[in-house]
Amino acid sequence: MSESIQPDVTVDSRGATCPGPLMDLIGKVKKLEPGTVVELLTTDSSSSHDVPEWVDKAGHETLDVVEHEDEGYWSVFIETTK
Amino acid sequence: MTGYAIVLESARLERLQAVGNIAAIAAASEVPVDIFATMGGLEAFDKERIASMDYEMGEVGQAMMQAEGMDMAMFYENIAQAKELGPLSVYACELSMDMLGKSLDDYHEVFDDVLGVSGFLTHAEDKQVIFV
């Protein structure tokens with residue numbers, strides 16, 4: 001599924017530890033229109049689990065979480081709903 | 001319950017980081033948070049302490065300090081960032097400052113105001129109080 005997802009916005013938080021990636025994502029999401037697809041790049045494994053938790057709680061939608069094993073990072077795709 | 005009122009007394013790095021992380025994400029998620037930094041917790045924000053990174057820490061704190069290739073934000077940085085994203089206020093304990101003859105200028109600029117205990121309890125009366 002992820003190969004067909006074309007993000008409108010990419011947030012590159014690779015290198016940042018928890019809660020940096022989520023803080024970066026929240027800061028960006030607050031400025032976006034509903035229906036915007038965002039790809040968050042993170043090297044922090046806990047964020048790959050924790051970010052979808054926040055996304056669901058905040059009422060947005062997690063589209064996919066893709067691990068890039070060779071490169072050592074994750075792509076978390078979300079779509080804003082409000 | 002309409003948020004969290006965190007009484008931060010500890011100067012231990014792990015506790016400071018945990019408070020910074022939780023307060024930051026809560027506030028950024030529009031959950032109101034007040035932090036009342038008192039005693040050792042206030043001194044953790046002293047500018048000279050921050051510059052020297054002279055913090056009591058255990059195994060996890062030492063691992064944080066020694067981690068290479070990681071961009072780890074410190075507790076005051078997470079709090080400062082969160083204040084721009086959501087309802088987060090930080091108050092310095094007046095008693096602690098008076099005992100040391102300090103003013104807010106001696107501390108990181110994250111503080112909103114100076115409060116006594118009664119003032120903080122007024123802020124905290126509709127929140128879940130957490131003591132760290």
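Met53(B) is found in the loop between helix 3 (47-52) and helix 4 (59-66) of chain B, where helices (H or I, at least four residues) and strands (E, at least two) are DSSP runs numbered from the N terminus. The model is predicted, so that local features need pLDDT of at least 70 and side-chain atom pairs count only at pLDDT 80 or more, whereas totals for chains, interfaces and linings use all residues. Residues are numbered from 1 along each chain as its sequence is written, and chains are lettered from A and ligands numbered from 1 in the order in which they are written.

The backbone of Met53(B) has a phi near 50 degrees, a positive value in a residue other than glycine. Met53(B) counts as exposed because it has 10 C-beta neighbours inside 10 Å. In this classification, a residue is buried if 20 or more other C-beta atoms lie within 10 Å of its own, exposed if 12 or fewer, and partly exposed in between, with C-beta atoms placed from the backbone. A positive phi of about 70 degrees also occurs at Glu30(B), likewise not a glycine. Glu30(B) lies in the loop between helix 1 and strand 2 (33-37) of chain B, and its 13 C-beta neighbours inside 10 Å make it partly exposed. Most residues other than glycine have a negative phi, and most peptide bonds are trans. In chain A, a cis peptide bond with an omega of about 5 degrees joins Cys18(A) and Pro19(A). Pro19(A) is placed in the loop between strand 1 (9-12) and helix 1 of chain A.

The overall fold of chain B comprises seven helices and five strands, arranged along the sequence as β-α-β-α-α-α-α-β-α-β-α-β. Its radius of gyration is 14 Å, close to the 14 Å that the globule rule gives for 132 residues, so chain B is as compact as a globular protein of that length. This radius is taken over C-alpha atoms, and the rule is 2.2 Å times the number of residues to the power 0.38. Along the principal axes, the C-alpha atoms of chain B fill a box of roughly 40 × 35 × 25 Å. Buried residues make up 33% of the 132 residues in chain B. Of the contacts in chain B with a separation of 6 or more, 77% are between residues 24 or more positions apart; two residues are in contact if their C-beta atoms, placed from the backbone, lie within 7 Å.

Within chain B, the axes of helix 1 (residues 13-28) and helix 5 (residues 75-83) come within 8 Å and cross at roughly 10 degrees. Helix 1 of chain B is therefore roughly parallel to helix 5 of chain B, a term for angles under 35 degrees. Axes here are lines fitted to C-alpha atoms, for helices over the stretch in contact, and angles run from 0 to 180 degrees between N-to-C directions. Among the residues making this contact are Gly20(B), Ala23(B) and Ala24(B) of helix 1 and Ile79(B) of helix 5.

Ile79(B) touches Gly20(B), Ala23(B), Ala24(B), Leu88(B), Val90(B) and Val110(B), not counting residues up to four places away in sequence. Ile79(B) is also one of the residues that touch the most other members of the largest nonpolar core, which has 49 residues. Such a core is a set of buried Ala, Val, Leu, Ile, Met, Phe, Trp, Tyr and Cys residues joined through C-beta atoms within 7 Å.

Methods: Angles under 35 degrees count as roughly parallel, over 145 as roughly antiparallel, 65 to 115 as roughly perpendicular and the rest as oblique.
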